[in-house]
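Welcome! Take a moment to look over the sequence and the 3D view, and then let us walk through them together.

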Amino acid sequence: MEQIFEPYAEFAKDARIKNMDEYHALMNKANDDYEGFWGDYANEKIDWFSPYKQVLDESNAPFYKWFVGGTMNVAHQCVDRHLATRKNKAAIIFEGDNGDQQVITYRELSYEVNKTANLLKNQFNVKKGDRVVLYMPMIPEAAVAMLACARIGAIHSIVFGGFSAEALRDRIIDAEANLVITADGAYRKGKPYMLKPVVDKALEEGCECVKKVCIVERNGEDISWVAGRDYSYNELIKNESSKCEPEPMDSEDPLFLLYTSGSTGKPKGVQHSSAGYILWAQMTMEWVFDVRENDTYWCTADIGWITGHTYIVYGPLAMGATTVMFEGVPTFPDAGRCWSMVEEYQINQFYTAPTAIRLLHKMGENEPAKYDLSSLRVLGTVGEPIDPPAWKWYYEAIGNSKCAIVDTYWQTETGGHMISPLPGATPIKPGCATFPLPGIMAEIIDEDGTPTPIGEKGFMCITKPWPSMIRTIWNDPDRFVKSYFGDCKKDGEPVYFTGDGAMMSDDGYITITGRTDDVINVSGHRMGTAEVEAAIKKHPGVASVAVVGKPHEIKGEGIFAYVVLKGEDTMAEEMEMVQEINKIVLTEIGAIAKCDDIKFVPDLPKTRSGKIMRRILRSIAKGEPITQDTSTLEDPSIVQKIQTCII
Ligand code: WTA
């Protein structure tokens, strides 16, 4: 029998959603009157400058519009509106890599955001609708810069600090950004690391759109300054006033772009809206983490990913919570770092990725016992499925068997959680995302909309639009329609397909079974195999390449590359090639795309029409017996040849 973990009664008593009856009542309300459901929440939660006129406009599907005609401002929602009641409450608690601490109250946050907004307007001539790229470490100025953009209506596009100059350049060019905000660098594992030199390199070519670079000083290391282009944030900010009226933004005005990997081609600039996005960010914070007024909440993601956007900055601040921001890594100075921080800040909700849990379990099994973790009430996971051993350790060693584990399933494109337990209501099955959140019409179906039979794998679709959904792909509306609304239909109408497979049990629990496309999930980060292949192909010695995911003990999935070389190479040359190829991957994408395995093979398994059969390559990488039909291959004997090569 599968073990089910009931919500902790003491917690459920005061939770926002207290039991499954309350959950079902909310679901029924959404089913009966979808627009009424969302309209009521929009009225209750958002501080509108002028009211919206229509909840949902479906006339130009799938380019849905929410809260049509309303005006508001996300920075006002996240900062200004709290000043009446939470002025002296901590908004952000920052801990640096070396343990330095900073507490920023809502009053101080307002001061910083207003000043920075003025700086963007006055010194950098940033206007409403302009794109600003942020290439930032995990420091409070990153959150301030996001909110300053939101305040004046500029669209930020954050590029994760681990991406290379090439990857940064591509994103700058695609977004046609006119300003880059960065830092000299920051600290990691007790040592300074640099960001500004990466920006310099990115801007060497093809980035004429960028007029200025604004540099926050964090580690004080030497950097080069380009006259007329590079400006010090710390110097300029001194002259700005702390009053900047928030720009009235239409509900549908874009709040940000965030590039993410797809199954083909270059990364996609996922575009999010203002009102719909912030509404769901706030509602899911309240429901899924059940953060109370005096709580301290910590999400360990990086602001370069969607989790950092929605659940470090926008969601917590929209609800007026205290959010912790951490510059360092969980394993420095030792694998007890997170738990010492939980004790230090009396963290109530802790949100991280299964990869981190597996790593901390492996490196520091006995660390949690050294700290007082009794403040914890809700534990969260995100980004990838969590395996039972990691779940058990998280539940017992971290949560003292009293905390609900919310396994939150969602994506960059969904803006916020889609499927997740509610900590006070949902009986939890380890490794299972459980049920759709109230208002989210998640269904497992086939291409035609037929519900997939219980216990079988189907497509994880969201069959009705929701407020925080992706609005389009920047500069590429056709790709938006094709990528998300091209595969599945319900009642003849295209519906949103996540790209994931899923399965439902007879009691309605949803388990996510993983991507159905060529996207792999490395340490909870999405990586397109096509992107990695494109990088490897840049090596002059490579004739062709196929990249697949292979299960990895800590990272969830590792990157496995099959490479066909142009010439015959000796063993020694191949060893050198492995290093060269990984160097190219590092330059083109960044360390997160480093291949765990690079194997040289005589050819790839192709069908007669030239399609690479990746399923076979996945099986070979795993060391599984080949059960697939190989008769359609141009050369069926290739399977055995490849198997011999990779041993
Ligand atoms: C995967 C991260 C299983 C999934 C928020 C999805 C998950 C992709 C879970 C999105 C989960 C995310 N269980 N798989 N709880 N959460 N995924 O855009 O494959 O970086 O499509 O957003 O991660 O990754 P993204």
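Helices (H or I, at least four residues) and strands (E, at least two) are DSSP runs, numbered from the N terminus. With that in hand, find G276, which lies in helix 11, residues 275-289. G276 has 0% relative accessibility and therefore counts as buried; buried means under 20% relative accessible area, exposed over 50%, and partly exposed in between, with a 1.4 Å probe and protein chains only. The C-alpha atom of G276 is 35 Å from that of A534, and these two residues are 258 residues apart along the chain.

Before going on, a word on where this comes from. This is a predicted model, in which local features need pLDDT of at least 70 and side-chain atom pairs count only at pLDDT 80 or more, while totals for chains, interfaces and linings use all residues. Residues are numbered from 1 along each chain as its sequence is written, and side-chain values use heavy atoms, with hydrogens and water left out.

Next, the domains. The protein is divided into domain 1 (33-329), domain 2 (442-515) and domain 3 (519-646), with bounds from an automatic or database domain assignment. Taken over C-alpha atoms, the centres of domain 2 and domain 3 are 29 Å apart.

Now for the ligand. How many residues surround the ligand? There are 17, and the closest are D407, T408, T412, D500 and R526; a residue is near a molecule if one of its heavy atoms lies within 4 Å of it. Helix 12 (306-318), strand 20 (404-408) and strand 26 (510-515) each supply at least two residues of this shell.

The table lists polar contacts, meaning pairs of N or O atoms within 3.5 Å.

| Residue | Part of the residue | Ligand atom | Distance |
|---|---|---|---|
| D407 | side-chain N or O | nitrogen | 2.7 Å |
| T408 | backbone N or O | nitrogen | 2.8 Å |
| T412 | polar side-chain atom | oxygen | 2.5 Å |

The protein covers 96% of the 530 Å² of accessible area that the ligand has on its own, with areas from the Shrake-Rupley method and a 1.4 Å probe.

Finally, the cysteines. The structure holds zero disulfides, a disulfide being a pair of cysteine sulfur atoms within 2.5 Å. C207 is in none, and the nearest cysteine sulfur, that of C209, is 5.6 Å away. C207 counts as buried because its relative accessibility is 5%. C645 counts as partly exposed, at 33% relative accessibility.

How values were computed: Polar contact = N/O pair within 3.5 Å; in protein donor to acceptor, adjacent residues only side chain to side chain.
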